[in-house]
Amino acid sequence: MPPLPVEEPDEVPLRRQPTQRRSARRVERMLDACADLLDEVGYDALSTTRIAERAGVAIGSVYQFFPDKRAITQAVTRRHVERFVSRIGRRFLWEDYACWWDAVDAIIDEYVEMHRTVPGFRSLHFGDVVDLNLLDGVSDTNTVIAGRLRGLLLQEYGLTDSEELDLAILVAVEAGDAVLKLAFRRDPGGAPQIVAEAKQLVRGYLNRQFVGASA
């Protein structure tokens, strides 16, 4: 299976797609406002009214594109995932990794960096609030992320394509995600010792699955 392309999200849960640049910018302001508010007040206190006020748009403009706060949150999560995968893709393009486990460490480093610096990222963790059927209408969010990362690793390191590979990467994504969440519960900046343990966990698990795999 070839690596999945990194594309701009085209299935955002919008009532309608913006057709003009001005409308597209307005939607982006809504998503930015939603991301900021998720960090500040959390999902439960989030409202379309608050999003409209923060974005500097009329409430009618929000409902013109989104039916409710859940849809906006879904769109924010989709944007986070696409940016995450895009940033990983750029790392793989410009950086050389001696072995596949160095690439896995880079993936975890990117997750941690975005968690620290990207508004809304730490609040959603790829869709804890609304992750079922979030990105492709069939798979949950981590399954989609695993598929994207699988494509990158296959392309770069020539691992043998198999159902076992699919399962191993999915388990690694789920396990790493869980441990990294623990790191950020312990320390808003991500407890370094737990981040290191997450890397060891994922590397050790995948090493058992991909014995002998290297660049």
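Begin with the lining of the largest cavity, which by class comprises 15 nonpolar, 2 polar and 1 charged residues (Ala, Val, Leu, Ile, Met, Phe, Trp, Tyr, Cys and Pro count as nonpolar, Asp, Glu, Lys and Arg as charged, and the others, Gly among them, as polar). This is a predicted model, in which local features need pLDDT of at least 70 and side-chain atom pairs count only at pLDDT 80 or more, while totals for chains, interfaces and linings use all residues. Residues are numbered from 1 along each chain as its sequence is written, and side-chain values use heavy atoms, with hydrogens and water left out.

Select next Ile107, Ile108, Leu149, Ala172 and Val173, which among the 18 lining residues lie nearest the centre of the largest cavity (a cavity is a set of points, on a 1 Å grid over the protein atoms alone, where a 1.4 Å probe fits but cannot get out, and lining residues have an atom within 4 Å of a point). Its volume is about 260 Å³, taken as the space filled by probe spheres set on the points, which are joined across faces, edges and corners. H8 gives the most to this lining, with 6 residues (helices are DSSP runs of H or I with at least four residues, numbered from the N terminus).

Then move to the largest nonpolar core, where Phe84, Phe92, Tyr157, Leu206 and Phe210 touch the most other members of its 42 residues (a nonpolar core is a set of buried Ala, Val, Leu, Ile, Met, Phe, Trp, Tyr and Cys residues joined through side-chain atoms within 4.5 Å, where buried means under 20% relative accessible area with a 1.4 Å probe, protein chains only). Apart from it lies another core of 20 residues, among them Leu31, Ala33, Phe66 and Ala75.

Finally, select Cys34, which is buried at a relative accessible area of 0%.

How values were computed
Buried < 20%, exposed > 50% of the residue type's maximum accessible area, 1.4 Å probe, protein only. 1 Å grid on protein atoms, 1.4 Å probe; cavity = no way out; pocket = protein on both sides within 12 Å on 5 of 7 lines; lining within 4 Å. Helix = DSSP H or I, 4+ residues; strand = E, 2+ residues; numbered from the N terminus.
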